[in-house]
Amino acid sequence: MRLTTKGRFAVTAMIDLALRETHGPVTLAGISQRQKISLSYLEQLFGKLRRFNIVESTRGPGGGYTLARPSSEVSVADIIVAVDEPLDATQCGGKGNCHTDEENHGRCMTHDLWSNLNSKMVEYLSSVSLKDLVQQQEGRGIVIQDMRQKKIKVESAKADKPAPALAAKKEVAPKAPLINSVFNLARQS
């Protein structure tokens, strides 16, 4: 199996998105910061995920990405296939032309082993939904806070504070002129 960083990053980013999407669209910049994945790399991955109808994008302020379908209907295999990650453990890419000599019929001795592993991997990854992975994270005690709500609460708390009385302001003493100031030099002449 050759599951590279592309597939792992795509699945990780999708878990992050699914955990947070109840609070509105999730930005790639946010996912990038939390998961330590390059923003430009995420943009490439999410472009592919959008073409496979796994995510939807919302433009403008407050925009970002949301799931295009329920997390229970998105499998890990869907995500990996969408980002062009090959699920193939055979040396020949599943074509059966591992050897070119006629006596082995083009296949290597272990072709069927790796081919069966491929089908088991696809079967397993198809059975694991994004919802399963989100529930697994929530079971580990991951708590997601909606930063937008927190920001609104902080701003409203600031507005509730009474403004300090103008009379209570300290009198500011006039600043002493700087000796080497250009203006002071002009006054002295």
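Q137 counts as buried, because its relative accessibility is 17% and the cut-off for burial is under 20%. The model in which this value was computed is a predicted one. Q137 belongs to helix α6, which covers residues 130-139. Leaving aside residues up to four places away in sequence, Q137 touches I15, L19 and I142.

**Overall architecture**

The chain contains eight helices and two strands. Along the sequence these elements follow the order α-α-α-β-β-α-α-α-α-α. The chain has 189 residues, of which 33% are buried. Of the contacts between residues at least 6 apart in sequence, 64% join residues at least 24 apart. The accessible surface of the chain amounts to about 13,400 Å². Carbon and sulfur atoms account for 55% of that surface.

**Salt bridges**

Side chains of opposite charge can pair when their charged atoms come close.

| Pair | Closest N and O atoms |
|---|---|
| R20 and D16 | 3.3 Å |
| D16 and R34 | 2.8 Å |
| D78 and R69 | 3.4 Å |

The pair R20 and D16 lies within helix α1, which comprises residues 5-20. These two residues are four positions apart, about one turn of the helix. Is R20 buried or exposed? R20 counts as buried, because its relative accessibility is 19% and burial is set at under 20%. D16 also counts as buried, with a relative accessibility of 2%.

D16 also forms a salt bridge with R34, the closest N and O atoms being 2.8 Å apart. This pair links distant parts of the chain, with D16 in helix α1 and R34 in helix α2, which spans residues 28-35. D16 and R34 are 18 residues apart. R34 is partly exposed, because its relative accessibility of 35% falls between the limits of 20% and 50%.

The remaining entry in the table pairs D78 with R69, at 3.4 Å between the closest N and O atoms. D78 is partly exposed at 28% relative accessibility. R69 is likewise partly exposed, at 24%. Through salt bridges that share partners, D16, R20 and R34 are joined into one network.

Helix α5 runs over residues 111-127. The helix has 17 residues and extends 24 Å from its first C-alpha to its last, close to the 24 Å expected at 1.5 Å a residue. Which residues of α5 are buried? The buried residues are H111, N118, M121 and L125. They lie on the same side of α5, because they cover an arc of only 85° around the axis. The cover over these buried residues includes helix α4, residues 76-82. On the face of α5 turned away from the buried side are the exposed residues K120, E123 and Y124.

A nonpolar patch on the surface is formed by L113, W114 and L117. Together these residues present about 260 Å² of accessible area. L113 is located in helix α5.

Y41 is situated in helix α3, which covers residues 39-51. The residue is partly exposed, because its relative accessible area is 22% and the buried class ends at under 20%. Which residues does Y41 touch, not counting residues up to four places away in sequence? Y41 touches T5, K6 and F9. The C-alpha atoms of Y41 and L28 are separated by 9.9 Å, the two residues being 13 apart along the chain.

Technical notes: Residues numbered from 1 in each chain as written. Predicted model: local features only at pLDDT ≥ 70, side-chain atom pairs only at ≥ 80, totals over all residues. Heavy atoms only, no water. Buried < 20%, exposed > 50% of the residue type's maximum accessible area, 1.4 Å probe, protein only. Contact = heavy atoms within 4.5 Å. Areas by Shrake-Rupley, 256 points an atom, 1.4 Å probe, with all protein chains shown as cover. Salt bridge = Lys/Arg side-chain N within 4 Å of Asp/Glu carboxyl O. Patch = residues over 30% accessible without salt bridge, like charges linked within 9 Å, V, L, I, M, F, W, Y side chains within 5 Å. Expected span 1.5 Å × (residues − 1). Arc of directions from axis to C-beta.
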